[in-house]
Amino acid sequence: MPEIFTVDTHSFKECVEITQAVREIVQSSGVETGTCHVAVLHATAAIIVNENDDPNIGVDLLAALDAAIPDHD
């Protein structure tokens, strides 16, 4: 059964941690084995899978994206 949750952002460019929200949905589903498919339904957003031991990973990711694809290019 599909589950939908929303994410509020607070700046023009932002990384938002969604692991706990996804974990709660999977746990409450009662499914013991299978695949969880996570998708974003917006043209200017993306799902990125990355480790998050370093609290600056989001900052580093945004800096790398800015270097690779400058605004308005």
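1. Start with Asp71. At 44% relative accessibility, Asp71 counts as partly exposed. The model is a predicted one. Asp71 forms a salt bridge with Lys13, and the closest N and O atoms are 2.5 Å apart. Asp71 sits in the segment after H2 and Lys13 in the segment before H1, so this pair ties together parts that are 58 residues apart in sequence.

2. A salt bridge joins Lys13 to Asp66, with 2.4 Å between the closest N and O atoms. This pair also links distant parts of the chain: Lys13 is in the segment before H1, Asp66 is in helix H2, and 53 residues separate them. Side chains of opposite charge can pair when their charged atoms come close.

3. How many salt bridges does a search of the whole structure find? The count is 2. Lys13, Asp66 and Asp71 are linked in a network of salt bridges.

4. Are Lys13 and Asp66 buried, exposed or in between? Lys13 has a relative accessible area of 29%, so it is partly exposed. Asp66 is at 35% and counts as partly exposed too. The cut-offs explain these labels: buried means under 20%, exposed means over 50%, and partly exposed lies in between.

5. Now the overall fold. The chain has 2 helices and 0 strands. Its radius of gyration is 15 Å, whereas a compact globule of 73 residues would have one near 11 Å. Along the principal axes, the C-alpha trace spans about 45 × 30 × 20 Å.

6. Burial comes next. Of the 73 residues, 4% are buried. The chain exposes about 6,700 Å², and carbon and sulfur atoms supply 56% of that area. For contacts between residues at least 6 apart in sequence, 33% join residues at least 24 apart.

7. Look at the surface for a nonpolar patch. Val38, Val40, Ile47 and Val49 form it, with about 330 Å² of accessible area together. Val38 belongs to the loop between helix H1 (19-29) and helix H2 (57-68). With a relative accessible area of 31%, Val38 is partly exposed.

8. Finish at Asp73. Asp73 lies in the segment after H2. Its relative accessibility is 77%, so Asp73 counts as exposed. Where is Asp73 relative to Val31? The two are 42 residues apart in sequence and 44 Å apart in space, C-alpha to C-alpha.

Terms used. Residues are numbered from 1 along each chain as its sequence is written. This is a predicted model: local features need pLDDT of at least 70, side-chain atom pairs count only at pLDDT 80 or more; totals for chains, interfaces and linings use all residues. Side-chain values use heavy atoms; hydrogens and water are left out. Helices (H or I, at least four residues) and strands (E, at least two) are DSSP runs, numbered from the N terminus. The radius of gyration is taken over C-alpha atoms; the globule rule is 2.2 Å times the number of residues to the power 0.38. Buried means under 20% relative accessible area, exposed over 50%, partly exposed in between (1.4 Å probe, protein chains only). Contact means heavy atoms within 4.5 Å. Accessible areas come from the Shrake-Rupley method with a 1.4 Å probe; for residues, only the protein chains shown count as cover. Patches are made of residues with over 30% relative accessible area and no salt bridge: like charges are joined within 9 Å, nonpolar side chains (Val, Leu, Ile, Met, Phe, Trp, Tyr) within 5 Å. A salt bridge is a side-chain nitrogen of Lys or Arg within 4 Å of a carboxyl oxygen of Asp or Glu.
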